[in-house]
Amino acid sequence: MNKIILTGGGTAGHVTPNIALIPLLQEQNFDISYVGSYNGIEKSLIEAEGIPYYGISSGKLRRYFDLKNFTDPFKVIKGYFQAKKLMKSINPDIVFSKGGFVSVPIVIAAKKCHIPVIIHESDMTPGLANKLAMPSASKVCCNFPETVKYLPSGKAVLTGSPIRRQLLDGSKEEGLKLCGFNNDQPVVMIMGGSIGSVFINNAVRESLDTLLKDFQIIHLCGKGNLDPKYDNMAGYRQFEYLSAELADVFAMADILISRAGANSICEILALRKPNILIPLSAAASRGDQLLNAASFEKQGFSVVLQEENVTSESLINRVYEVYENRDSIIEKMASSNQLDATTTIINLINECKKN
């Protein structure tokens with residue numbers, strides 16, 4: 001039986017692509033272990049999957065002054081020796097890293113123990129953790145054609161991001177039933193992220209009188225952002241968020257309005273849904289969502305609306321624009337070589353693992 005160590009942590013975005021790989025790895029009889037931080041978000045997510053989990057010491061690598069910059073290097077060094085010990089005890093055939101600072105000592109330890117490593121970079125430009133880990137990698141997977149030029153020569157592989165299988169198996173009928181919608185009008189689905197977006201939520205609600213003439217709308221508005229005065233509006237349903245029902249709602253939706261996080265837009269691409277992307281502004285992030293959205297717009301997969309330009313009028317115009325051009329957007333998505341990232345990455349794992 002082949003053995004693999006998965007790693008990545010710090011945010012859900014560094015974990016969910018690993019979770020998407022687990023079923024196919026299990027089908028191919030891989031013995032899977034996960035290495036992350038002691039108490040990061042990755043611990044609870046992976047333990048819920050029933051995968052053996054090993055925590056190591058980790059520290060953040062900062063580009064700015066912080067007193068923890070004097071102590072965290074010692075945590076990283078400790079984590080390296082812990083990771084090296086795990087490499088010897090588990091003896092994996094390969095390591096797959098989704099990034100985050102906890103992954104750096106694991107990747108370096110694997111290289112030291114002559115274990116092949118594959119890294120996945122979600123964003124347009126590599127983050128600091130993956131930059132530090134890349135010299136130890138055999139291959140570096142990425143989501144965007146533009147990213148290849150930032151990666152080491154001969155290591156870059158354009159794969160897209162692994163998508164949870166269950167998202168592709170939703171039932172349109174169940175989605176319509178959940179929302180009380182009919183099968184006659186198209187459905188617009190709005191996702192503002194887990195905490196929602198005031199900009200997006202306000203613009204959506206101000207647009208309802210116009211949009212509901214031609215569309216039904218499901219609005220995932222984020223925790224604490226429900227507005228009871230819209231509860232009984234025909235053709236409009238609002239939820240803080242959805243989990244088990246998400247696949248059904250995706251299957252029902254004709255158009256998606258979303259932030260431009262790397263994992264989210266790769267899910268949109270895999271689902272082949274015409275979409276409007278509203279990326280987080282540079283003031284609220286390192287600007288990666290702006291780059292992600294620009295790439296998808298350039299490839300013809302998305303229409304982009306900048307956050308500072310979000311109004312009810314601009315949102316309405318984009319919705320009608322995307323709906324009118326939906327067939328050409330779907331056609332361009334269908335021709336992408338980033339659609340089946342999970343299979344591509346599993347094949348790469350099999351190619352690179354120790355023989």
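Which residues of α11 are buried? In this predicted model, the buried residues of helix α11 are Ser312, Ser314, Leu315, Ile316, Val319 and Val322. The helix itself covers residues 312-324 and has 13 residues. From its first C-alpha to its last, α11 reaches 19 Å, close to the 18 Å expected at 1.5 Å a residue. The cover over its buried residues includes the strands β8 (187-191), β11 (255-258), β12 (275-277) and β13 (303-304), together with the helices α7 (198-211) and α12 (326-334).

In general, the strands of a sheet pair through backbone hydrogen bonds, either parallel or antiparallel.

Within the sheet, strand β8 pairs with β9 in the parallel sense over five bridges, and the bridge partner of Val187 in β9 is Gln216. Towards β11, β8 is joined by four bridges, and these two strands run parallel; here Met191 stands opposite Ser258. Because five of the five residues of β8 are buried, this strand is largely enclosed by the rest of the structure. Its side chains are divided between two directions: Val187, Met189 and Met191 point one way, whereas Val188 and Ile190 point the other way, and all are buried. Strand β9 (residues 216-220) pairs in turn with β10, in the parallel sense and over four bridges. In that pairing, His219 stands opposite Gln238 of β10.

The largest nonpolar core contains 57 residues, of which Met189 and Ile218 touch the most other members. Helix α9 (residues 262-271) gives the most to this core, with six residues. A second, separate core holds 24 residues and includes Ile22, Leu24, Ile346 and Ile349. Beyond residues up to four places away in sequence, Ile218 touches Cys179, Phe181, Val187, Val188, Met189, Ile190, Arg237, Phe239, Leu242, Val249 and Met252.

Nine of its 10 residues are buried, so α9 is largely enclosed by the rest of the structure. The buried residues are Ala262, Asn263, Ile265, Cys266, Glu267, Ile268, Leu269, Ala270 and Leu271. They pack against the helices α1 (16-27), α8 (246-252), α10 (288-298) and α12, and against the strands β11 and β12. Just after α9, Arg272 takes a positive phi of about 55°.

Strand β5 (residues 117-121) and strand β6 (residues 139-142) run parallel and are joined by four bridges; Glu121 stands opposite Cys142 in β6. Together with helix α5 (residues 128-133), these two strands make a right-handed β-α-β unit. Strand β6 also pairs with strand β7 (residues 156-158), in the parallel sense and over three bridges. Cys142 stands opposite Leu158 in β7.

Two serine residues were considered individually. Ser103 is placed in helix α4 (residues 103-112). With a relative accessible area of 0%, under the 20% limit, Ser103 is therefore classed as buried. Its side chain reaches the backbone oxygen of Gly100 at 2.6 Å. Leaving aside neighbours within four places in sequence, Ser103 is in contact with Thr7 and Ser97. The C-alpha atoms of Ser103 and Gly79 are separated by 9.6 Å, these residues being 24 residues apart along the chain.

Ser33, by contrast, lies in a strand, namely β2 (residues 31-37). Ser33 counts as buried because its relative accessibility is 7%, and buried means under 20%. Apart from neighbours within four places in sequence, the residues in contact with Ser33 are Ile4, Ile5, Leu6, Ile51, Pro52, Tyr54 and Ile90.

Technical notes. Residues are numbered from 1 along each chain as its sequence is written. This is a predicted model: local features need pLDDT of at least 70, side-chain atom pairs count only at pLDDT 80 or more; totals for chains, interfaces and linings use all residues. Side-chain values use heavy atoms; hydrogens and water are left out. Buried means under 20% relative accessible area, exposed over 50%, partly exposed in between (1.4 Å probe, protein chains only). Contact means heavy atoms within 4.5 Å. A polar contact is a pair of N or O atoms within 3.5 Å; within protein, one must be able to donate a hydrogen and the other to accept it, and residues adjacent in sequence count only if both atoms are side-chain atoms. A nonpolar core is a set of buried Ala, Val, Leu, Ile, Met, Phe, Trp, Tyr and Cys residues joined through side-chain atoms within 4.5 Å. Two strands pair if DSSP finds at least two bridges between them. A crossover is right-handed if, with the strands pointing away from the viewer, the path from the first strand over the helix to the second runs clockwise. The expected span of a helix is 1.5 Å times one less than its number of residues.
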